[in-house]
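Subject: Structure handover

Hello,

Please open it first, then read the notes below.

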Amino acid sequence: MTLTARPGLDRAGTPHLRKAEAALPGRELFPTRLRAWHIAAGVLFLLCSLLASVLVGPYHLPPAQVLAALASKIPLLHVRSGLGALGNADVWQIRAPSAVLGGLVGAMLAVAGASYQGVFANPLADPYLLGVAAGAGLGATVAIVYGPAAWASSLSPLPIAAFVGAVAAVAATFTLGRSRNGPRSPASLVLAGVAVAAFFTAVQTFIAQRQNSGDLEVVYNWILGGLSTAGWAPVELIAPYVAVSAAVLLACRRLLDALSVGDEEASSFGVHADRARLVVVVAATLGTAAAVSVSGLIGFVGIIVPHTIRLLAGPSYRRIIPLSLLFGAGFLVLANLAAGAVLSPEQIPLGVVTAFLGAPFFLVVLRQSRRMG
Amino acid sequence: MKRAWAKAVIAIAVSVATAAALSPFSTPEASASPPARATSETFPVTITSGSGKVTLTAQPTRILCLSASATQMLYSMGAGKQVVGVDKYSTWPPGTPRTKFTGFEKNAEDYLYLHPDLVIFAFSEGTLVKQLQLLHIPVLVLPPANNFAGVYNQVNELGLATGHIAAAKRLDTSLASYVAASVRKAGKDGRGASYYIELSPDYYTATSQTFIGAEFSLFGMRDIADAAGRGTAYPQISAEYLLKADPDYVFLADTVCCHETPAIFSHRPAFSLLSAVKQHHVFGVNDSVASEWGPHTIEEFVGFLARVLASTTRK
Amino acid sequence: MLEVDDVSVALGGTTVVSHVSARVPHGAWLGVVGPNGAGKSTLLRAVVGLVRYEGHIRLGGREYGPGELRARACAVAYVPQRPLLPRSMNVTDYVLLGRSAHHSYLGPETARDLSVTAGVLERLELSRLARRALGELSGGEQQRAVLARALVQEAPVLVMDEPTTSLDIGHAQLVLELADQLRRDNGLSVLCSLHDLTVAAQFADDLLVLSGGRAALLGKPAEVLTEANVKRFFGASVEVLPGLAGPVVSPIRHASSLEVTRAT
């Protein structure tokens with residue numbers, strides 16, 4: 001019997017290969033290795049979107065003068081800013097910090113989404129899976145309703161409250177998600193996340209509904225998400241969290257690949273699956289909490305960016321993680337630019353733009369990759 | 001936010017608050033803090049508003065007003081010529097330079113094409129105010145007033161900020177005397193009468209701690225929501241609560257948003273049992289009476305209330 | 001060099017492996033045989049450090065604690081019985097996982113990672129399949145990929161748990177021949193469980209028979225695989241014939257059951 005069914009060694013292979021590929025053993029053997037040009041493309045994309053969002057704004061500033069203003073900050077290059085006091089303040093205190101903030105938030109959400117998808121082996125996992133959004137929403141609402149006025153201090157209490165809320169929600173998820181005997185399974189964590197998110201959202205809605213319209217509008221404005229910032233304080237606030245979290249997730253990129261063969265096999269080649277999962281989830285969650293605390297809830301970035309990269313660059317997290325960082329940053333900076341430009345002077349909520357731009361693009365990529373596959 | 005605003009108000013006008021709170025329609029003349037000179041020579045001025053201290057070095061000539069109530073105040077005191085833009089909710093007076101702005105924009109850069117030299121908000125989440133401060137554009141935040149003292153105070157602040165101190169005082173005086181005249185006209189008809197002010201068909205209402213509540217209080221009316229307003233000035237009650245409280249008067253301030261009318265209200269289940277329905281004491285009013293505290297809105301509503309109370313009888 | 005010294009394993013309160021000792025010197029192949037449920041897989045998993053055990057397991061003379069997965073992975077590599085193959089992962093990425101214990105966390109793959117992987121891919125004739133997804137490969141190709149993943153660990157001890165379960169006889173031979181060649185070339189110590197006694201005898205220097213978790217017999221294949229022993233430990237009626245590469249274990253059917261089969 002066994003002799004009849006013989007999947008041939010020779011059936012696969014040779015005819016599919018072109019000679020040109022065979023002549024390039026490195027590329028041929030390591031098709032998903034992260035290459036310098038990938039990084040270069042990502043950096044270029046990010047720099048272009050940053051530049052565009054500094055050059056373009058609802059208030060017209062001559063691009064040449066803005067460029068001169070940017071060049072004037074480069075040491076040793078003696079260019080004089082062509083802008084007046086208002087233009088300079090606009091470029092350096094509003095446009096530049098909000099572009100950089102967009103980069104940080106976009107990078108964080110994209111890389112956290114990719115990491116969650118790896119850890120939970122679920123393509124629909126997003127950075128808000130474990131209750132970060134609901135927790136941050138409650139924190140922000142409490143700060144808006146009961147806190148001191150946002151303009152009363154140099155640093156608004158809102159991001160801090162949102163961060164505390166997000167961390168509290170995820171801590172609750174972790175506590176409840178631990179089964180009585182044995183470690184947390186991804187499934188029980190996700191279910192605990194759903195319960196915690198529902199509870200926090202209920203409390204948030206209860207508090208928000210009891211307020212007058214002004215506070216309510218501020219709460220919903222925050223929830224819809226946005227990157228408008230005044231000065232560099234929010235950037236300075238979240239940059240350390242994003243940097244540490246991104247570094248940890250980058251370091252775990254191979255571990256995410258390893259998790260896909262199951263815990264036991266991963267241990268056999270030296271990967272502590274439980275420990276890796278915990279480290280990744282904690283890093284991604286802290287980073288997301290920090291990002292959300294200043295940007296509100298911006299959806300879709302954490303799903304669309306990693307999946308697009310997956311479709312274009314393959315399923316290995318060795319590529320997905322670093323490229324999500326770069327392209328996530330660029331994507332959100334561009335989305336923010338579009339949010340201000342499309343119906344100028346009216347601003348479209350950023351979350352609407354990310355979905356509006358990202359979803360069709362993602363579908364195109366999906367169709368293309370199906371055809372090729 | 002509210003707490004900080006309260007602190008700010010106390011800081012500017014302790015005397016106004018104490019004097020005027022006791023007697024809501026006393027003119028605030030005695031307590032006005034600024035010197036009574038009303039020209040551009042008074043600049044620079046420093047004003048403490050909901051956004052902190054702001055210094056105006058010269059009389060503002062390009063005001064962007066993103067509060068419908070403040071728009072009414074500015075135009076009523078003759079500062080309209082200095083206004084270059086008002087928000088989309090500023091419906092009075094007609095002929096103002098209305099914009100699409102709501103005062104909740106994401107980016108203060110949106111306002112720059114108007115080149116404003118003073119921006120006035122009713123609400124602010126802080127980012128807009130901070131952005132304008134970084135752009136060196138003065139900002140005034142005049143949050144919703146809770147009583148008449150707050151209104152007079154905001155009028156005075158705007159007078160100081162725009163260089164119309166005397167006109168602002170005159171506006172206060174005329175508003176106060178109009179209100180006093182209305183109360184006299186209503187006589188004792190309102191004393192002790194209970195009322196329900198509806199903000200939305202799902203029974204959101206306002207207690208007497210709000211500005212509209214203060215207007216009813218002028219006539220000695222009693223808010224049925226006060227017992228429900230624990231911790232919030234805008235509680236949500238229920239149909240059952242309403243039936244039990246059985247107010248003498250019902251005012252529907254959801255005629256614009258939700259197209260409520262006295263007829264629709266009367267046909268809600270069991271509402272035919274309400275005394276107000278039986279006596280036809282259900283009145284539709286513009287939604288803005290509950291959300292604005294400008295002199296025009298106040299005069300309209302207080303005048304309307306006086307007419308209603310004078311023309312109806314209670315059993 | 002692998003030393004198993006008085007090892008016992010209890011799973012959920014039941015003793016599955018009991019006081020087993022064995023030794024696999026440098027370049028040797030120890031075959032593990034036994035009936036279903038004898039504890040073969042559990043013993044192998046203990047060696048790899050996937051289950052807690054009592055006793056001592058020394059890899060290259062050193063014992064590794066339960067937390068030392070990374071260090072242990074450099075000392076012993078494992079080919080599981082039913083590997084979990086992520087269908088969309090390509091062959092190279094999968095094989096590279098075997099280098100996990102070698103590379104630093106933040107840096108890229110080193111030149112050594114790449115050259116070892118390239119060498120193993122070449123050796124197992126996988127180079128041409130490097131870009132293909134695991135889900136598109138045949139069973140034999142998949143098994144070679146799993147072997148490759150174990151080999152890039154560069155561990156001196158190779159543990160294989162029924163590596164031919166899903167393969168036809170031709171591919172089974174191919175995979176085992178490969179492992180045997182690698183053992184000779186690189187001096188690997190191989191610990192391999194197999195169901196097929198004839199095949200086990202052909203490749204192993206020594207055979208360990210497990211029965212009820214105990215080491216029942218340990219010796220040269222020709223000594224261990226007698227008709228009496230197979231009857232005793234497997235409950236099977238066999239004929240053992242002398243073969244070129246060791247004893248050939250051939251099952252016997254009773255004449256009565258043969259009649260029944262023909263009739264149907």
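A salt bridge here is a side-chain nitrogen of Lys or Arg within 4 Å of a carboxyl oxygen of Asp or Glu. By that rule, five salt bridges cross the interface of chain A and chain C.

Some conventions. This is a predicted model, where local features need pLDDT of at least 70, side-chain atom pairs count only at pLDDT 80 or more, and totals for chains, interfaces and linings use all residues. Residues are numbered from 1 along each chain as its sequence is written, chains are lettered from A and ligands numbered from 1 in the order in which they are written, and side-chain values use heavy atoms, with hydrogens and water left out.

The interface of chains A and C

Contact means heavy atoms within 4.5 Å. On that basis, 44 residues of chain A meet 53 residues of chain C. The two chains bury about 4,000 Å² between them. Buried area is the accessible area (1.4 Å probe) that two parts lose on being put together, summed over both. Carbon and sulfur atoms carry 59% of it.

One salt bridge pairs Glu109(C) with Arg254(A), at 3.6 Å from N to O.

Which helices of chain A each supply at least two residues of the side that touches chain C? They are α2 (25–29), α10 (233–251), α11 (253–259) and α12 (263–268). Helices (H or I, at least four residues) and strands (E, at least two) are DSSP runs, numbered from the N terminus. The largest share, five residues, comes from α11(A).

Thr117(C)

Thr117(C) sits in helix α4 (residues 111–123) of chain C. Thr117(C) is buried, at 0% relative accessible area. Buried means under 20%, exposed over 50%, partly exposed in between (1.4 Å probe, protein chains only). A polar atom of the Thr117(C) side chain lies 2.6 Å from the backbone oxygen of Asp113(C). Leaving out residues up to four places away in sequence, Thr117(C) touches Phe30(A), Val95(C), Leu96(C), Arg99(C) and Val152(C).

Salt bridges over all chains

The whole structure holds 24 salt bridges.

- Arg268(B) and Glu260(B), 3.1 Å. Arg268(B) is buried at 13%, and Glu260(B) is buried at 9%.
- Glu136(C) and Arg132(C), 3.1 Å. Glu136(C) is partly exposed at 47%.
- Asp205(C) and Arg183(C), 3.2 Å. Asp205(C) lies in the loop between α7 (197–203) and β9 (206–211) of chain C, and Arg183(C) in helix α6 (residues 169–186), so the pair ties together parts 22 residues apart in sequence. Asp205(C) is partly exposed at 29%, whereas Arg183(C) is buried at 7%.

Salt bridges that share partners also join Arg254(A), Asp257(A), Arg318(A), Asp93(C) and Glu109(C) into one network.

Chain B

Chain B has twelve helices and eleven strands. Of its 315 residues, 56% are buried. Among its contacts between residues at least 6 apart in sequence, 63% join residues at least 24 apart.

Best wishes

Key: A polar contact is a pair of N or O atoms within 3.5 Å; within protein, one must be able to donate a hydrogen and the other to accept it, and residues adjacent in sequence count only if both atoms are side-chain atoms.
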